[in-house]
Amino acid sequence: MKIPSNISTLLAGIALTLVSLWFGQNHGLLPEAASEEASLVDGLFNMMMTISTGLFLIVEGVIIYCVVKFRRRPGDTTDGAPMHGNVPLEILWTGIPAIIILVIGVYSFEVYNAMGGLDPMAAHGMPQQQAMKMPGSAIAATLNQTDKPATQIAEGVGATPAQSPVPDLEIEVTGLQFAWIFNYPDSGVVSGELHVPAGNHVKLNISANDVIHAFWVPEFRIKQDAIPGRTTQLQFTPKLVGTYPVICAELCGGYHGSMKTQVIVETPEEFNAWIQSQQEVANSDNLNRIVALNPQEMSTGEFLAPYAAEMGINSDTLAQLQHSHH
Ligand code: CUA
């Protein structure tokens, strides 16, 4: 038996390629791409979608074709023809997937790198010995012979300083059961929502207070674990002004499903105005705290107000709560 190679197979192959290429770009499965980095992930995803569509159509197409073409006709009680494999076909269907997986593997690693995948290792400035013990640093270890510090090797491999420029804004992110806290060290602002200025390169230093959480913004195509006792990083450049969900992507306890907040991408002007308004809130908090030294003279609401602000509860939330009470 030879590999079928007539004109209808060729036409089917062309049609299949066109359909796959079209669907790979028009599947509509991904949310809005709100960061510069999102296009890297989307490119990879779309390529995998193109290949998957092609494979799906080939496999399902051949099955359906065979079910129809080789079905048992009435009165036919003969055996099928005896067959002992087909070496060219087997080489073909082993070789093609091997090449596909190799290409996807290299491409994925490139995307991982371009998004700063190796950078967190380097940015820690960990001693080389320690860096080598960390999972995922196999490459740094392999290239160890060159006698360079791990940081330089990681950059040489392609942690690409060009793709990970000096951040315009650094934010400390803390995950805890069951909330995200965002701390802006430059301005002293603490918030339960992440505000970022569009077009600015943002670096998040992520940690956790209790158990492992994962910081995920689908619209930015970024996700990073939040690990107690360790700082992990994420870098991105928000592109589209808007409000997007921040989701905890690691089962972290009973209320994991409700561990959500928002990232608000604003124009730099709006962002600066927000920082200022938050600083004013923080200042009035300090005043409240001084008064709170003598809690007997305060109502419960007054006493709890600064703590409520710390938890990201503002007067609007309280008003809503009171309304729902009545
Ligand atoms: Cu935190 Cu799930």
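Select F271 and W274 to begin: both residues are buried, where buried means under 20% relative accessible area, exposed over 50% and partly exposed in between, computed with a 1.4 Å probe on protein chains only. The model is a predicted one, in which local features need pLDDT of at least 70 and side-chain atom pairs count only at pLDDT 80 or more, while totals for chains, interfaces and linings use all residues. Residues are numbered from 1 along each chain as its sequence is written, and side-chain values use heavy atoms, with hydrogens and water left out.

**Around W274**

A search of the whole structure finds 10 aromatic pairs, a pair being rings of Phe, Tyr and Trp (for Trp, the six-membered ring) whose centres lie within 6.5 Å, with planes under 30 degrees apart called stacked, over 60 edge-to-face and the rest tilted. Helices here are DSSP runs of H or I with at least four residues, strands are runs of E with at least two, and both are numbered from the N terminus. Y184 is buried, as is W274. F271 and W274 also form an aromatic pair, this one tilted, at 6.2 Å centre to centre and 35 degrees between the planes. These two residues are three apart in helix 8, which means that about one helical turn separates them.

**Other aromatic side chains**

Next, select W180, F182 and F215, which form one aromatic cluster. Then move to W216, where K223 lies over the face of the ring at 4.9 Å from its centre; a charge counts as sitting over a ring if NZ of Lys or CZ of Arg is within 6 Å of the ring centre and within 35 degrees of the ring normal.

**Two strand residues**

Select V190 in strand 3 (residues 189-191), a residue that is partly exposed because its relative accessible area is 43%. Leaving aside neighbours within four places in sequence, V190 is in contact (heavy atoms within 4.5 Å) with I181, F182, N183 and Q278.

Now go to Q235, in strand 8 (residues 232-236), which counts as buried because its relative accessibility is 14%. Its side chain is joined to that of H201 by a polar contact of 2.7 Å, a term for a pair of N or O atoms within 3.5 Å in which, within protein, one must be able to donate a hydrogen and the other to accept it, and for which residues adjacent in sequence count only if both atoms are side-chain atoms.

**Helix 3, end to end**

Finally, select residues 87-114, the 28 residues of helix 3, which at 1.5 Å a residue should span 40 Å, in agreement with the 40 Å between the end C-alpha atoms; the expected span is 1.5 Å times one less than the number of residues. At the start of helix 3, a side-chain oxygen of N86 comes to within 3.1 Å of the backbone nitrogen of L89. Within the helix, L89, I104, V111, N113 and A114 are buried. After helix 3 comes G116, with a positive phi near 85 degrees.
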